[in-house]
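Work through these exercises with the sequence and the 3D view open. Try each task before reading its solution.

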Amino acid sequence: MLNKTGIPTAEDVKKVSPSPDRLKKGPVAIIECFQEIPCNPCTEACKQGAIQPMEDINNLPKLDFEICNGCGVCLSRCPGLAIFIVDGSYSDREAVVRIPYEYLPVPKVGDKVTGLNRSGEELGVFEIIKVQSGGQKNKTYTLWLVVPQDLAMDVRSIRLGGLRHAI
Amino acid sequence: MKEIEVLIIGGGPAGLSAASAAANLGASVLVLERDELPGGQLVKQTHKFFGSKKQYAGDRGFQIGNLLIEQCKTSAKVEVWTNTTALGIYEDGVVTAESQDEHVKIKPKKIIVATGASEKMIVFPNNDLPGIYGAGAVQTLMNVHGIVPGQRVLMIGAGNIGLIVSYQLMQAGVEIAAIIEAAPAIGGYLVHASKIRRAGVPILTSHTITEAYGQESVEGAVICKLDENWQPIQGTEQDLKVDVICLAVGLSPLTELCFQADCRMKYVPELSGHVPIRDEYLETTRPGLYVAGDVSGVEEASSAMVEGRLAGISAAYSLGYGLEAAPKLQEEALAELNELRSGPAGHKTMKGIMKLMDKGEVVC
Ligand SMILES: Cc1cc2nc3c(=O)[nH]c(=O)nc-3n(C[C@H](O)[C@H](O)[C@H](O)COP(=O)(O)OP(=O)(O)OC[C@H]3O[C@@H](n4cnc5c(N)ncnc54)[C@H](O)[C@@H]3O)c2cc1C
Ligand code: SF4
Ligand code: SF4
């Protein structure tokens, strides 16, 4: 149960997942925001109009998968770090998962990192193919990970490097 | 004696927003802040905030703080005295303060108390060992002074503060052994919980700490599971090796000055403790004394800023400023507060405010 463990259930995830066909077509946002909280930067971020304006700021975000082009602007704006972009068109066997990242050290292109699922369990070692800075003000990085197609809806984090201060 | 139209006690988001709102309408304002820097809790908040654009959602807490400070700095009508602690509000309207080791007296026409909240503590054996911190203290150490409190932390409390401070500890390279929460559900926003969980940190609801142990300082903690009646379940004890235990078990409104000023107070659990009774425009039962932010009920920076603005407008309006503009601005602020509190997350606050404004009930 999400509200006991912090781990969204399969049903939760299903509610915000695009169809396999849509995933195959190209990058699309997955908004894993399941609780009504007073928050709406995602709606303001989307210039395509894919995320409907909220009538009430407490509404859950509603995304039109057909309008979304996977640009990723909402991903870096979301204060909950709850938005991911999945591109199932990357290759036959692999997909790209973009995740928001705010830890140090920031991985570099070509690095191999350990991918984790929503429970923090290891799913394998994946390559970073792009690292996008959110800029001076926003500061949230976007990591692009290449993962097997069947893990595209599971990989959501990476094992931290754990920069440790000397005692 | 310093004379001023509007005196604001506390330079957090509520106080600073009150200052610029009152000054914008033409009032002269003085803000007293006991810290070296104004900004309140915002100074330490490195994460992006929720809310809407009107409350700078998506910006990080410290960036919002800087913006509010800048607004006050550029206003010729606002003076900010830092390193200044308000000590008392007297019957004749005089406010005393300690400012850079001097005792000063101020005679304001209106007062806005925006002193925020203080951290709660819980009782368990050895809770006085070095290495046991309040979450606010950990944030100050890390984000103001650049010092990590230790290597491996047990976080107590899965409200927003427990979740966010855990995240900030992880960002500083510190390991979180677990976040435990006595309640059966996570109290903070689930998006915060999910982002920590997927980085590998267990969040254990229905769990509590039974003791801390260690020779000179914390070396570990024993935690256990709770049943539906919040009673420890025998045999579920776990020993966690940690060198820091961080308490994020709630805040209480910092209301000493309101008590002392003889505002009528009421105990409202939904607002986290004793809070002054006040009207819709945030004026307390002591005429000319307003409250805003966490001191009037622990909530969020987003609502603290809007309350500050509302109190600032109301104080200036009562002095005869903004006769045209003020009523409309007041309505706008009230509408914003309603919007922020209208969802499930604001339900508790709404209930608390209803209780508080219900003048029929017994007060203490
Ligand atoms: C870890 C953490 C994370 C948070 N995250 C969020 C978030 O994501 N979004 C959100 O909206 N809110 C968040 N909040 C809540 C938010 O920070 C507070 O609700 C908000 O700061 C309250 O504002 P305030 O002005 O009432 O009080 P404060 O910010 O506490 O400011 C009060 C000020 O008054 C000063 N003061 C107190 N007594 C005196 C005195 N006698 N004389 C002079 N000065 C005095 C204090 O030094 C302080 O600067 C978070 C809080 C914490 C602790
Ligand atoms: S990825 Fe781009 S188009 Fe899709 S919802 Fe986000 S901002 Fe809109
Ligand atoms: S910005 Fe993020 S946290 Fe806020 S409503 Fe949108 S998806 Fe949810």
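The exercises below go from confidence to interface, then to ligands and single residues.

**Exercise 1. Confidence**

Task: State how confident the predictor is in chain B and in the complex.

Solution: Begin with the kind of model. This one is predicted. Take chain B next. Its mean pLDDT is 96, and 98% of its residues reach 70 or more. Finish with the complex. The predictor gives an ipTM of 0.95 and a pTM of 0.93.

**Exercise 2. The interface of chains A and B**

Task: Describe the contact between chain B and chain A by residues, area and class.

Solution: Start with residues. Chain B places 43 residues in contact with 47 residues of chain A. Now turn to area. The size of an interface is often given as the accessible area lost when the parts come together. Here the two chains bury about 3,800 Å² between them. Carbon and sulfur atoms account for 51% of that area. Within chain B, the most area is lost to chain A by B:Lys48, B:Leu190 and B:Arg198. Together they make up 19% of what that side buries.

Next, count polar links. Between chain B and chain A, 23 residue pairs are in polar contact. Then find the elements. On the side of chain B that touches chain A, α2, α4, α5, β11 and α8 each supply at least two residues. Helix α5(B) gives the most, with 7 residues. Last, sort that side by class. It has 20 nonpolar, 14 polar and 9 charged residues.

**Exercise 3. Salt bridges**

Task: Find one salt bridge between A:Glu102 and chain B, and one between B:Glu270 and another part of chain B.

Solution: Side chains of opposite charge can pair when their charged atoms come close. The whole structure has 19 salt bridges over all chains. Between chain B and chain A the count is 3. In one of them, A:Glu102 pairs with B:Arg60, with the closest N and O atoms 2.7 Å apart.

Now move inside chain B. B:Glu270 meets B:Lys351 at 3.6 Å, N to O. B:Glu270 sits in the loop between β17 and β18 of chain B, while B:Lys351 is in helix α9. The two residues are 81 residues apart, so look for distant parts of the chain.

**Exercise 4. Three ligands**

Solution: Take ligand 1. It is surrounded by 33 residues, and B:Glu33, B:His47, B:Ala86, B:Asp294 and B:Ala301 are the closest. A backbone N or O atom of B:Asp294 lies 2.8 Å from one. For B:Ser302 the distance is 3.1 Å, and for B:Pro13 it is 3.3 Å.

Go to ligand 2. Its shell includes A:Cys46, A:Cys68, A:Cys71 and A:Cys74. By class, that shell has 8 nonpolar, 4 polar and no charged residues.

End with ligand 3. It lies between chains A and B. Among its surrounding residues are A:Cys33, A:Cys39, A:Cys42, A:Cys78 and B:Phe50. The shell divides into 11 nonpolar, 1 polar and no charged.

**Exercise 5. Backbone details**

Task: Describe the backbone at A:Pro105 and at B:Tyr56.

Solution: Look at A:Pro105 in the loop between β3 and β4 of chain A. The peptide bond from A:Leu104 to A:Pro105 is cis, with omega near -10 degrees. Then find B:Tyr56 in the loop between β2 and α2 of chain B. Phi of B:Tyr56 is near 60 degrees, a positive value in a residue other than glycine.

Terms used
Residues numbered from 1 in each chain as written. Chains lettered and ligands numbered in written order. Predicted model: local features only at pLDDT ≥ 70, side-chain atom pairs only at ≥ 80, totals over all residues. Heavy atoms only, no water. pLDDT = per-residue confidence, 0-100. Near = heavy atom within 4 Å. Nonpolar A, V, L, I, M, F, W, Y, C, P; charged D, E, K, R; others polar. Contact = heavy atoms within 4.5 Å. Buried area = accessible area lost by both parts, 1.4 Å probe. Salt bridge = Lys/Arg side-chain N within 4 Å of Asp/Glu carboxyl O. Polar contact = N/O pair within 3.5 Å; in protein donor to acceptor, adjacent residues only side chain to side chain. Helix = DSSP H or I, 4+ residues; strand = E, 2+ residues; numbered from the N terminus.
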